[in-house]
Structures are given as structure tokens and as C-alpha cells.
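Okay, thanks for coming, everyone. Let me put the model up and walk you through some helix packing and the cores.

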Amino acid sequence: MTPDLMEEGTKRMQAYARRQAERTASGGRSASFGRLLKVGEPDFTHGVALYLEDITVSFDGFKALNALSLTVNVGELRCIIGPNGAGKTTMMDCITGKTRPDAGRAFFGSTIDLLRLTEPEIAQIGIGRKFQKPTVYEELSVFENLELALAADRRARASLLSRLSGAQLDRIGEVLTLIHLRAEAQRTAGLLSHGQKQWLEIGMLLMQDPKLLLLDEPVAGMTDEETERTAELFLSLEGQHSLVVVEHDMKFVELLTQGHKKVTVLHEGSVLAEGRLADVQANDKVVEVYLGR
């Protein structure tokens, strides 16, 4: 990744930190502390986007998650690594409502109990998930895929009568630039490369303006150049969104975790280690169960 792009990512995080400090300058309270939240709207005034406590999931006696606890802050980019079977996908399933844990608590912000919501409800409150295999409408153009993903009324009548506003067109244009597909806007999605389809699906998530993005092995099958561009994309989103990235590609993790960012290592359904990537890589237990000698 080029030094100027890394510098830009650092500037974004510094600006985000300044904004957070300004919001809490009065008595430790956020500027939005007194704002009335809408029903079902998450409260991030405490700086926490995702809170998992003692989440346990068993399948036929096998504990896929074993008292897993994890906290992700607002605007944070967190990488989750670990061997196959460590519980990474099951953790995402619990966050998105696909799997119900046997025990534990899961909160989005400080007010939304995720275990009380359905999968569609969780998506509507601002949690977006990208699976390993890209899922796009291959017969439609790139632009049409993003248009369909807009957070709007999707009933048949509304879809027939709707016309994109100037603001919506601008938003699609912004996302096209962000995901490196502006030149491919009118191209049929099925003709895109694997990496470009991955970017398009990420763009479709961004059209819904999620507050938390869950990204499962997003660079699997990508070229080195596509991997670097994806890292640039995620770093540009940091601070504006909270991101949880599950990944096996350690070079990609290195690109994302420059500085003091946390990396979480899962093993046998619970957190084995957590901290800066260099510290995690030097952890004897992590080396033994995951990284190898």
C-alpha cells in the first residue's frame, strides 16, 4: 500500500478521534446525549458498537462458541483470525440472528439486544454482513445492483413509481468511486472479475449505510492488486463505520492493522489472545494452534 494512502487513513482516524473528544468535552457526555433516540435506534454514546458476553453455542454436544466475550468500539476496524473451526462464522451467525446462542448476551450499542431480534430486523437497524462468496445480481448492471440496494421502500408499487433523486444518484456515484467500479457502472455484473464482484457486494452493503459491517474472508480468491485495493477501501471506511473482518490472509491483516489496532484470535470458540498483531504473532499459544513455527 502506498505511503500516501496509509497517511490518509491515519488522518481519518485522527479526525475521528478529535470529533469524539469534542463530543465528550462537557462532563464526559456526548453531544448527542440529550437527543431523543428513535424507537429501535442503537445508542452509541458510550463508544461501543458491539458487545458480546459469554456467548455459548453447542451443536450436538460440540461447543462451537464457548463463553465468547468481545467488544468492538464505534468506528473501529477489528480483524478476527484463528484456525478453521475456531468459531468465527458461528460468531457472525449469532450477531446477525442466523443462530441463537444457548447462553450469553449480545448488544448493538448500549440499547439493542440482538438476541431479541430476527435476521431482517438486525439488518434494518444497521448491521450488514458479507459472506465469503460474492452474491450479486449477475444479469443486472453494476449501477442497477447498487440502485436495488438503496435503503428504500421495496414494495412493488414503490419500485415501479420510484425515480432516483439527485442525492441518490450522487450517493451511487460516491460508492462506485469508493469500490473502484465507476468505469464499470454499466457493465453486466456477471462479467466482472471475482474481486470486482466482491467490491460490488461491499458497495451494495454500503448503499444501506450500515453502522457495523461484518466481512467474512473478503479477499479470498483476489489477486495481490485487488487485495491491496480492498485494504485501501476498508481503511477509508474506518471511523465512519465499525468493521469486523474475519480473515486467514495474514498479509491482508497486516495491511489493515498498522499501528496499534487490535487483532483478536479465536480458538475452540473463545478468545485465545487479543492485542497488536506483532504481540499476537509472538504469543506462544497462538503460534502453536494457528500460525505454526
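This is a predicted model: local features need pLDDT of at least 70, side-chain atom pairs count only at pLDDT 80 or more; totals for chains, interfaces and linings use all residues.

**Helix pairs and cores**

Residues are numbered from 1 along each chain as its sequence is written, and side-chain values use heavy atoms, with hydrogens and water left out.

Back to that pair. The axes of H4 (residues 142-149) and H6 (residues 166-178) come within 10 Å and cross at roughly 120 degrees; the axes are lines fitted to C-alpha atoms over the stretch in contact, with angles from 0 to 180 degrees between N-to-C directions. Helices here are DSSP runs of H or I, at least four residues, numbered from the N terminus. In contact (heavy atoms within 4.5 Å) are Val142, Phe143, Leu146 and Glu147 of H4 with Leu169, Ile172, Val175 and Leu176 of H6.

Next, H7 (residues 194-206) and H8 (residues 224-237): their axes come within 10 Å and cross at roughly 15 degrees. That makes H7 roughly parallel to H8.

And the cores? A nonpolar core is a set of buried (under 20% relative accessible area, 1.4 Å probe, protein chains only) Ala, Val, Leu, Ile, Met, Phe, Trp, Tyr and Cys residues joined through side-chain atoms within 4.5 Å. The largest has 47 residues, with Leu200, Phe234 and Leu256 making the most contacts inside it. H7 gives the largest share of this core, 6 residues. Apart from it lies another core of 27 residues, including Met92 and Val246.

How values were computed:
Helices (H or I, at least four residues) and strands (E, at least two) are DSSP runs, numbered from the N terminus. Angles under 35 degrees count as roughly parallel, over 145 as roughly antiparallel, 65 to 115 as roughly perpendicular and the rest as oblique. Buried means under 20% relative accessible area, exposed over 50%, partly exposed in between (1.4 Å probe, protein chains only).
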